[in-house]
Amino acid sequence: MGTKVRRPSHAGSWYTDNPKQLSEELDGWLQSCGLAKSPEVRGVIAPHAGYSYSGRAAAYAFGNIDPSNITRVFLLGPSHHYYTPKCALSTATVYKTPIGDLPIDLEVTEELKATGKFELMDIRVDEAEHSMEMHLPYLAKVFEGHQVKIVPILVGAVSAENEAMYGQILAKYVDDPNNFFSISSDFCHWGSRFNYMHYDKKHGPIYKSIEALDKMGMDIIETGDPDSFKEYLLEYDNTICGRHPISVFLHMLRNSSTKIKIKFLRYEQSSQCKSTRDSSVSYASAAAKTDESSSS
């Protein structure tokens, strides 16, 4: 099989395509968040907006990663342009970034393909999607000098039953300490342009109401319970675009024998909404750590 490249199609627009500048930018954000790298961190939830918006917030997720024992990164991102009720695997063999290439783990991709539950995404669909690409430069930076392969999984508009099914299929990979999980999601998209304007006045200004809504969701994600998260989404319909990747991840953790706890470390908004003419997107970063205290 020859090499099939997924190009960094959003470089030069969503983030700089200048390798030196990109490298310095990422280093700067990673240093300024001042987090200690921990081998207990087995996964992250991080935003995927343009780096001028969410690059700094994302560092609070990626800054926790100790690359020494990790050889494989599963990347779960939502689909923004392509409709599928399933999860889709990449047909590429390598994902390029301006600061280094990330080879795809073809063996695991084949293993997942063999379950018959995944579809394959066309390279054009792959390159049009930004949700996973926005994690790649950070992964390339954090794993610099380490041999690491990636398993990209595009998570479609998956039903609750299928979120659980994919969670069961992927759970066994959580039990291998060499595997890492990068979950891509922004939080509330608020404003008329997003068709979402939930406002609870008891919190004061709109941006405080948005924060309360997001934090309610973040607290529920931290409990690790996919059913409560589903209920929260049904009740408030918060526009968390990575709701399906997050739900699949919660089901993976629930079904694995390794006890892992998610903790949010950073929350930001692209701007502070004060009137109904405003709009904003929220960014939340979390680390998923092995939890010794609850292991029986």
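Select Glu111 first. This residue is partly exposed, with a relative accessible area of 34%. The model on your screen is predicted. Glu111 forms a salt bridge with Lys172, and their closest N and O atoms are 3.3 Å apart. Glu111 belongs to helix α3 (residues 106-113) and Lys172 to helix α6 (residues 160-174), so this pair ties together parts 61 residues apart in sequence.

Is Glu163 buried or exposed? Glu163 is buried, with a relative accessible area of 2%. Its salt-bridge partner is Lys230, with 3.3 Å between the closest N and O atoms. Glu163 sits in helix α6 and Lys230 in helix α8 (residues 226-236), so the pair joins parts that are 67 residues apart in sequence.

Next, select Arg6 and Asp126. They form a salt bridge, and the closest N and O atoms are 3.1 Å apart. Asp126 is in helix α4 (residues 123-128) and Arg6 in strand β1, so to speak two distant parts of the chain, 120 residues apart. Both Asp126 and Arg6 are buried. Arg6, Asp126 and Glu133 are linked in a network of salt bridges. How many salt bridges does the structure hold? It holds 19.

Keep Arg6 and show Tyr95. Arg6 lies over the face of Tyr95, at 5.4 Å from the ring centre.

Now turn to the aromatic rings. A search of the whole structure finds 11 aromatic pairs. Select Tyr15 and Tyr51. Their ring centres are 5.4 Å apart and their planes meet at 35°, so the pair is tilted. Tyr15 is in the loop between β1 (5-6) and α1 (19-32), while Tyr51 is in helix α2 (residues 51-62), so the pair ties together parts 36 residues apart in sequence. Tyr15 counts as buried, at 5% relative accessibility. Tyr51 counts as buried too, at 4%.

Last stop: Phe181 and Phe249. Which kind of pair do the rings of Phe181 and Phe249 make? Their centres are 6.2 Å apart and their planes at 35°, so the pair is tilted. Phe181 lies in strand β9 (residues 179-184) and Phe249 in helix α9 (residues 243-255), so the pair ties together parts 68 residues apart in sequence. Phe181 and Phe249 are both buried.

Key: Residues numbered from 1 in each chain as written. Predicted model: local features only at pLDDT ≥ 70, side-chain atom pairs only at ≥ 80, totals over all residues. Heavy atoms only, no water. Phe/Tyr/Trp six-rings, centres within 6.5 Å; stacked < 30°, edge-to-face > 60°. Helix = DSSP H or I, 4+ residues; strand = E, 2+ residues; numbered from the N terminus. Buried < 20%, exposed > 50% of the residue type's maximum accessible area, 1.4 Å probe, protein only. Lys NZ or Arg CZ within 6 Å of the ring centre and 35° of its normal. Salt bridge = Lys/Arg side-chain N within 4 Å of Asp/Glu carboxyl O.
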